[in-house]
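This report describes a structure chain by chain and then turns to the contact between the chains. The sequence and structure are shown first.

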Amino acid sequence: MKALAFPVALLAVIGLMVASLATGAGAVPWGRLWSDPAAWDVLLISRWPRTVALVLAGMAVSVSGLILQVLTQNRFVEPATAGTVPAASLGILVIGIAWPAAPVVVKMLVATGFSIAGLALFLLILRRLSLRSALLIPLVGIMLGAVLGAITTFVAVRYEMLQSLIAWLSGDFSVILRGRYEVLWLVGLLTAMVYLIANRLSIVGLGRDVAITLGLNYRSTMLFALMIVAMVNGVVTVVVGTLPFLGLIVPNLISLMKGDHIRRTIPWVCLLGSGITLLCDIAGRVIRAPYEIPAGALLGVFGAVVFLLVLLREPRHG
Amino acid sequence: MADPRHRLILLAAVAVLVCALFLAVNLTGKLSYILSYRAQVIATMILVGTATGVSTVLFQTITGNRILTPSVMGAEALFVLIQTSILFFIGSARWDSVPVVGRFAIETSVMVVFALTLYRWLLVGKSEDLYRLLLAGLVFGILFRSAAELLQRMMAPNEFNILQGRLFAQLTLPESRLLGIAGGLVALCVALLWRYRRDFDVIALGRDVAIGLGVDYPRIVTRALVLITVLISTSTALIGPLTFLGFMTATLAYQLAGSQRHALLLPFSALLGVIFLAGGQLVLEHLFAMTGTLSVVIEFTGGALFLLMLLRKGRL
């Protein structure tokens, strides 16, 4: 039974991918796929990129949430409440004002740079706090996000970019087409690298002293992992926008079910992350067809409910 | 200046001065039009500042801490969600056949029911863990905001426009029909709360002490929560959500009043609210030539103040 769980989950995600390929405003002419090359257009230009983007972004954001939770030894941290996503949004706005026609790579680099700075700022603030409660860290993160968000909104209003900004950041996968999603493969690659250093991360998660005693280069491992988190979130924010709560709820749910052996749980985190993102996006396409609701908007509601359940259900945990 | 009452008078003078400046600076064009427009804006600010200042201080007294505020706990987002849901499920055509007063009364009643249920459940018996409470409140706020956003995305575009106009009747576009009702409501709530000011001094000592000293704790707290909710709904209906205004006014009021008595704290906090709003708008409009961004600036300053307080103390 236990041995079958993973293949079954994998099949479920593949099923969702097929559903994602088949769902949408334009019909795919399934019958003519064998005879007519033009029949592939809908699939190749829109559906396939979109589906791949959903899978890659969903799993990368979930895994980066897991990394942050291990490194800060705190269950309630996620990329969006650790300065990266709000800072990356500011970066996207700045490049959007300074160089509107910038190629995606430049936007990506700028967003990643801002996201690194945001994460660094968050960690600096954390070092100055005496941590009486684990719940203080996400609180500080949310406040930092609110302050950064206010700066972003202020700049956007000043340059009359508010509407474009909301559109850029809405976690909307309907804008993903061929030619735009390819950078997400890089994100997938980064996530795969996390799997390779998973055991080192576990040791870093035991604390600085233990890690050094065990002969691990604490600083460089920490730095490497944080760079991955910052890059992943910078890129995902540029390509699809924000995916609220995903990095928080997925690792928490998996940890409730599967425990905390990181190397074993990473594949599960990937599957559940992709699955939830796919499900939200498909639901968004179906609810109001032929109009679409961004996956980010559905995730905001779904994620907040799950977070509240985790938070209020086990009062002496985390 | 040792006597807090002198400081209060000085603060009142500053508030009057700021309001007068707001009315008088850069008067050009058709005088009667500009003056009546600015008077409406000032009236809105006074109502919102008072409502926010008073409700925040009392909420903090009842919950026994100086960090939680109704807005941080998602109250304003809840009101926005209620307004959105009503419009979504009933439709603007049918909803608009109800007069403004009736609409506002229904929205506020729904809000009172939901807010009382939520805060009683959250606040009663769980207050030993402030961080969990605060985090839960913040996430509830995010939940209400995303749910409202989701409903807004599913609305027909013209309904959405109507809703936008209602939700973000910003400071600079006061809703004149609502001003009269809002003014009456705020005055009534504040007057009712003012009667209990001495009881609140005792409640601030904690639940058990207050009951021991003979205060009818459950009754006063329930009434106060209802009135606070009405104040928040009124202020949100007037200018939309302002998450950190209450936190700023209450925090500064404790510093400036130098006293624990609500007879002083409440007016201090209310006056500070008016000064922040009117002064902020004055500076933005005439120094930076920007209108309609006051809420963003308040969000920024309030959030930064919150973080600074946290960093300086190292804890809540």
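Helix axes are lines fitted to C-alpha atoms, for helices over the stretch in contact, and angles run from 0 to 180 degrees between N-to-C directions. Helices (H or I, at least four residues) and strands (E, at least two) are DSSP runs, numbered from the N terminus. In this predicted model, local features need pLDDT of at least 70 and side-chain atom pairs count only at pLDDT 80 or more, while totals for chains, interfaces and linings use all residues. Residues are numbered from 1 along each chain as its sequence is written, and chains are lettered from A and ligands numbered from 1 in the order in which they are written.

Helix H3 (residues 75-90) of chain B and helix H11 (residues 217-239) of chain B have axes that come within 9 Å and cross at roughly 65°. The crossing of H3(B) with H11(B) is right-handed; a crossing is left-handed if the near helix is turned anticlockwise from the far one by less than a right angle, and right-handed if clockwise. On the H3(B) side, the contact is made by Ala75(B), Glu76(B), Phe79(B) and Val80(B), and on the H11(B) side by Ile232(B), Ser233(B) and Thr236(B). Two residues are in contact if their C-beta atoms, placed from the backbone, lie within 7 Å. By class, this contact of H3(B) with H11(B) has four nonpolar, two polar and one charged residues. Here Ala, Val, Leu, Ile, Met, Phe, Trp, Tyr, Cys and Pro count as nonpolar, Asp, Glu, Lys and Arg as charged, and the others, Gly among them, as polar.

## Overall form of chain B

Chain B contains 14 helices and zero strands. Its C-alpha trace spans about 55 × 45 × 35 Å along the principal axes. A compact globule of 316 residues would have a radius of gyration near 20 Å, and the 19 Å of chain B agrees with this. The radius of gyration is taken over C-alpha atoms, and the globule rule is 2.2 Å times the number of residues to the power 0.38.

Of the 316 residues in chain B, 45% are buried. A residue is buried if 20 or more other C-beta atoms lie within 10 Å of its own, exposed if 12 or fewer, and partly exposed in between, with C-beta atoms placed from the backbone. Among contacts in chain B with a separation of 6 or more, 80% are between residues 24 or more positions apart. Ala156(B) is found in the loop between H6 and helix H7 (157-167) of chain B. Because 11 other C-beta atoms lie within 10 Å, Ala156(B) is exposed. Its C-alpha atom is separated by 43 Å from that of Leu21(B), 135 residues apart along the chain.

## Overall form of chain A

Chain A has 13 helices and zero strands. Its C-alpha atoms fill a box of roughly 65 × 60 × 35 Å, taken along the principal axes. For 318 residues, a compact globule would have a radius of gyration near 20 Å, and chain A, with 20 Å, agrees. Buried residues account for 48% of the 318 residues of chain A. Contacts between residues at least 24 apart make up 78% of those in chain A that join residues at least 6 apart in sequence.

## Positive phi values in chain A

Phe245(A) is not a glycine, yet has a positive phi of about 70°. This residue lies in the loop between helix H10 (218-239) and helix H11 (246-258) of chain A. Phe245(A) is buried because 29 other C-beta atoms lie within 10 Å.

Gln73(A), likewise a residue other than glycine, has a positive phi near 50°. Gln73(A) is placed in the loop between helix H2 (41-71) and helix H3 (84-98) of chain A. It has 14 C-beta neighbours inside 10 Å and therefore counts as partly exposed.

## Interface between the chains

Contacts join 30 residues of chain B with 34 residues of chain A. On the side of chain B that touches chain A, the elements that give two or more residues are helix H6 (130-154) and helix H14 (294-313) of chain B. H6(B) gives the most to this side, with 16 residues. By class, this side of chain B has 20 nonpolar, four polar and six charged residues.

## Confidence

The predictor gives the complex an ipTM of 0.79 and a pTM of 0.81. The pLDDT, which is the predictor's confidence in each residue, from 0 to 100, averages 83 in chain B, where 91% of the residues score at least 70. Chain A averages a pLDDT of 84, and 96% of its residues score at least 70. Among the elements of chain A, helix H12 (residues 262-287) has the highest mean pLDDT (91) and helix H6 (residues 162-168) the lowest (77). Where pLDDT is low, the predicted coordinates should not be read in detail.
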